[in-house]
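Subject: Two-chain model, handover and notes

Hello,

Please find the model below, with my notes after it. Could you read them with the structure open?

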Amino acid sequence: MDSGLSPQDKKDLDKFIKFFALKTVQVIVQARLGEKICTRSSSSPTGSDWFNLAIKDIPEVTHEAKKALAGQLPGIGRSMCVEISLKTSEGDSMELETWCLEMNEKCDKDIKVSYTVYNRLSVLLKSLLAITRVTPAYKLSRKQGHDYVILYRIYFGEVQLSGLGEGFQTVRVGVVGTPVGTITLSCAYRINLAFMSNRAPDEEDGYAGVQDSQEVCTTSFSTSPPSQVRGHTPLLLFTVSLFILYWMVNQYLNNNLIISLPSGGDDGLTHSGERRRDEGRSVSPSDPVESLNAFTRKIGAFVNKSNTPITAASLDLPFAAFAPRGLDSEENDPMVQPPDSPPCPSPLQASLHSQGSDGSGQQDDFVMVDFRPAFSKDDLLPMDLGTFYREFQNPPQLASLSLHISSQSMADDLDSLPEKLAVYEKNIDEFDAFVDMLQ
Amino acid sequence: MNCRSEVLEVTVEARQVEEAMLALLHTILLHRSSGKFHYKKEGTYSIGTVGTLDIDCDFIDFTFVRVSSEELDRGIRRAVSEFKDALSISGSDGMGQISLEFYQKKKSRWPFSDECIPWEVWSIKVNVVNLANEQERQICREKVGEKLGEKVINVVEVINRHEYLPKMPTQSEVDNVFDTSLKDVQPYLYKITYQITDTLGTSVSTTMRRLIKDTLAL
C-alpha cells in the first residue's frame with residue numbers, strides 16, 4: 001500500500017530495498033568464499049558505502065543478482081533467494097542452505113523511511129554478517145578446496161526448500177517494518193549432511209562458482225579420499241622395503257660379515273653350547289631368524305674396525321667359539337669334537353715354564369683367543385699391553401715360596417741345628433764383645 | 001524508562017573464557033556501534049563507515065565478526081582480561097558474570113554529578129569447568145562453538161526486535177549518548193563491569209558485606 005507515502009519516501013524506500021537486496025547477496029556470497037573478510041572503518045563518509053557499512057562489491061556477484069532481479073524488487077510474493085550448495089569433483093552436489101529475503105503484508109505506516117528504516121536495514125545487515133558465520137555451511141566453506149567447492153545460485157520468485165532434505169532448520173536473521181510491508185531475512189539450512197549422489201546439472205544451468213578455479217575433488221568429505229590413499233600405499237611399501245634393503249647392505253659392508261647361512265642341523269644359536277642335532281633338517285636361507293643370527297657381531301666402543309675379512313674363529317668376541325659358524329664344518333668345530341687334550345702338567349710347572357712364551361702354549365688345553373684388553377691398540381710394538389699382560393699374568397714362582405724347596409730346607413735346618421749351636425757356644429766371647437760394642 | 005536486561009549463560013573451560021567473552025561482547029557492540037557522526041549545518045549529519053573483521057578463535061571452533069576498530073578492541077580486551085584474571089584467582093571451578101551496560105548521561109546541575117541511566121544491560125554468566133583429558137577438551141571446543149552460535153542467534157533476535165534506542169542526539173548532546181572518544185567508530189556509551197561468584201554460589205561482595213555486618217553486630 002503506497003498511500004500515505006510521499007513520492008520521495010517511496011523512491012528512497014525502493015532504492016533502499018534494492019541496494020539492501022544487493023548487499024545481502026554480497027554478504028552471503030563473500031561469507032562462503034572460504035576466506036576471512038576484512039574491511040576498514042572510515043570516519044569520513046565516502047558516499048558509496050550503503051547503510052554505513054564497508055561491504056565490498058564483487059562485480060560478478062552484483063551482475064548475477066541484477067540478472068535474477070531483472071529490474072524487479074523483492075516484494076510481497078516475490079522473494080529473493082540465495083541458494084548455497086556444495087559440489088564435488090565427481091559432479092555430485094548437495095544444497096546446504098537457502099537465504100530468503102521476503103516481504104509480508106504487515107506494514108508500519110508511521111515509520112520514518114529515510115532515517116529509521118535505513119538504520120534498521122543497517123542493523124539487519126550487521127546481523128546477517130554475524131549469522132553467516134554461525135550456520136554449518138560456514139565451516140564447510142572455510143575448508144573447501146581439493147575435495148569440494150561451494151557454489152551459489154540466486155533466484156527470484158517462490159522459495160524452494162525441498163533440496164535441503166528432511167528436518168532442515170530455520171533461523172531468522174531479522175525483520176524491518178516499512179510502510180509497504182515488513183522485510184524479513186531468514187536462512188533455512190540442511191541438518192542431514194549424508195551425501196546424496198545427485199549428478200549436478202551442467203554449469204550453464206545457473207550455478208556459478210564462488211571461486212574462479214575449481215579444484216579436482218573426491219566424493220568423500222574427508223581430506224584424504226580413498227582414491228588418493230590407494231595410490232600412496234604401494235609407494236610407501238616400496239620405499240620402506242628399499243630402506244630395509246639399504247640397511248642390510250650397509251650393515252654387511254660396514255661389519256665385513258660374511259652372511260653365513262646356517263647349514264643343515266647347525267644353528268649355533270644358544271650360548272650354552274647345546275646344539276640341536278637335526279641331521280636331516282636343512283635350514284632355509286630365507287629363514288629370517290637364521291639369517292639375522294648370521295651377522296650378530298657388534299663392534300665395541302673405541303675399538304678400531306679393521307677391513308680385513310674375518311672368519312668366525314678370529315672374531316674378537318668373547319665366546320667366539322660359540323658364535324654361529326656357517327662356514328666351518330662340523331668336523332672342525334672344537335665344540336663338537338674337542339681336540340685331544342695334551343698331558344696336563346701341574347699348574348706350578350706350567351707357570352715356571354711360561355716365561356717367554358707367547359701364551360700360545362697354554363692355549364693347547366683351552367680354546368683361547370687372542371686377548372685384547374679394552375682400550376688397547378693393535379700397533380706394531382712387539383710388546384703391547386695384551387702381550388705384557390699375558391706374560392706377566394703368570395709369573396714364575398719364587399724359590400722360597402716353593403713348597404718342595406721350603407720343606408727340604410726346613411729338614412736341613414733342623415738337622416744342622418746342633419752343629420750350629422756348638423759353633424755359637426764356642427764363639428760366645430765374640431758375640432758378647434759384639435753386643436758390648438753395640439751398647 | 002525501563003532498562004532492557006538480557007542474560008546469556010555459557011559454560012567454558014578456563015582457557016576459553018577470554019575468546020568466548022570477546023565473541024559475545026563484540027557481537028553486541030557490532031550492532032551498537034555506528035560510524036562517526038559529522039554534523040553539518042542545519043542540524044543534519046553524515047555518518048562514517050563501519051568496517052568489519054572476521055576473528056577465528058584459537059580454543060573454540062568458532063568465528064565471530066567484530067567492528068574494525070583497534071581502539072574499541074583494546075578497550076574490550078582490557079576488560080575481558082581483568083575478568084579472566086579475577087576468575088582464575090577465585091579458583092578453578094569459578095563462576096562469574098560480566099556485564100555490558102549501555103547508558104545515557106543525563107546532565108545534572110552542580111553539585112550533582114551527571115547521572116548515568118542504563119537503557120540496555122547484557123549479562124553474560126560464565127561457568128568455568130575443568131576437563132580431565134584432551135579428548136574432552138576437543139569435544140568442549142566443538143560444543144562451546146555451537147553454544148556460542150546459539151548465543152549469537154539470541155543476541156541478534158533481541159536486537160532485531162528494535163525496541164528502545166536513544167534518540168539521535170544533536171551535536172551538543174552527542175556525548176551523552178555516544179562514546180565519541182574513538183577516532184574511527186562511535187559506539188553507544190557503554191561500560192563493562194564484572195563480579196565473581198565463589199564456589200558456594202554467593203558473590204564475593206555479598207560475603208564481604210555479611211562479614212562486615214556480623215562484625216558490627218558483635
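This is a predicted model: local features need pLDDT of at least 70, side-chain atom pairs count only at pLDDT 80 or more; totals for chains, interfaces and linings use all residues.

Residues are numbered from 1 along each chain as its sequence is written, chains are lettered from A and ligands numbered from 1 in the order in which they are written, and side-chain values use heavy atoms, with hydrogens and water left out.

The chains

Chain A has 11 helices and 6 strands; chain B has 5 helices and 10 strands. Helices (H or I, at least four residues) and strands (E, at least two) are DSSP runs, numbered from the N terminus. Of the 439 residues in chain A, 34% are buried, and of the 218 in chain B, 49% are. Buried means under 20% relative accessible area, exposed means over 50%, and partly exposed is in between (1.4 Å probe, protein chains only).

For chain B the area is about 11,200 Å², and carbon and sulfur atoms supply 51%. These areas come from the Shrake-Rupley method with a 1.4 Å probe; for residues, only the protein chains shown count as cover.

Among contacts (heavy atoms within 4.5 Å) with a separation of 6 or more, residues 24 or more positions apart account for 75% in chain A and 70% in chain B.

The core

The largest nonpolar core holds 109 residues, and B:Met21 and B:Val126 touch the most other members. Helix α3 of chain A (residues 113–131) gives the most to this core, with 11 residues. A nonpolar core is a set of buried Ala, Val, Leu, Ile, Met, Phe, Trp, Tyr and Cys residues joined through side-chain atoms within 4.5 Å.

Leaving out residues up to four places away in sequence, B:Val126 touches B:Met21 as well as B:Val10, B:Val12, B:Val17, B:Phe83, B:Leu87, B:Gly94, B:Met95 and B:Gly96. In α3(A), 15 of the 19 residues are buried. From first C-alpha to last, α3(A) reaches 25 Å, close to the 27 Å expected at 1.5 Å a residue; the expected span is 1.5 Å times one less than the number of residues.

Salt bridges

How many salt bridges does a search of the whole structure find? Over all chains there are 23, where a salt bridge is a side-chain nitrogen of Lys or Arg within 4 Å of a carboxyl oxygen of Asp or Glu.

One of them joins A:Arg32 to A:Glu97, with the closest N and O atoms 2.6 Å apart. A:Arg32 is in the loop between α1 (7–30) and α2 (59–69) of chain A and A:Glu97 is in strand β2 (residues 93–104), so the pair ties together parts 65 residues apart in sequence. A:Arg32 is buried at 0% relative accessible area, and A:Glu97 is buried at 0%.

A:Arg133 and B:Asp54 form another, at 2.8 Å between the closest N and O atoms. This pair crosses between chains, from the loop between α3 and α4 (136–142) of chain A to strand β5 (residues 52–56) of chain B. Both A:Arg133 and B:Asp54 are buried.

Within chain B, B:Arg4 and B:Glu120 meet at 2.4 Å, N to O.

Backbone and surface

Most residues other than glycine have a negative phi. A:Phe51 has a positive phi, near 65 degrees, and A:Ala70 has one near 50 degrees. A:Phe51 lies in the loop between α1 and α2 of chain A and is buried at 0% relative accessibility. A:Ala70 lies in the loop between α2 and β1 (79–88) of chain A and is exposed at 55%.

A:Phe243, in helix α5 (residues 226–255) of chain A, is exposed at 57% relative accessibility.

Regards
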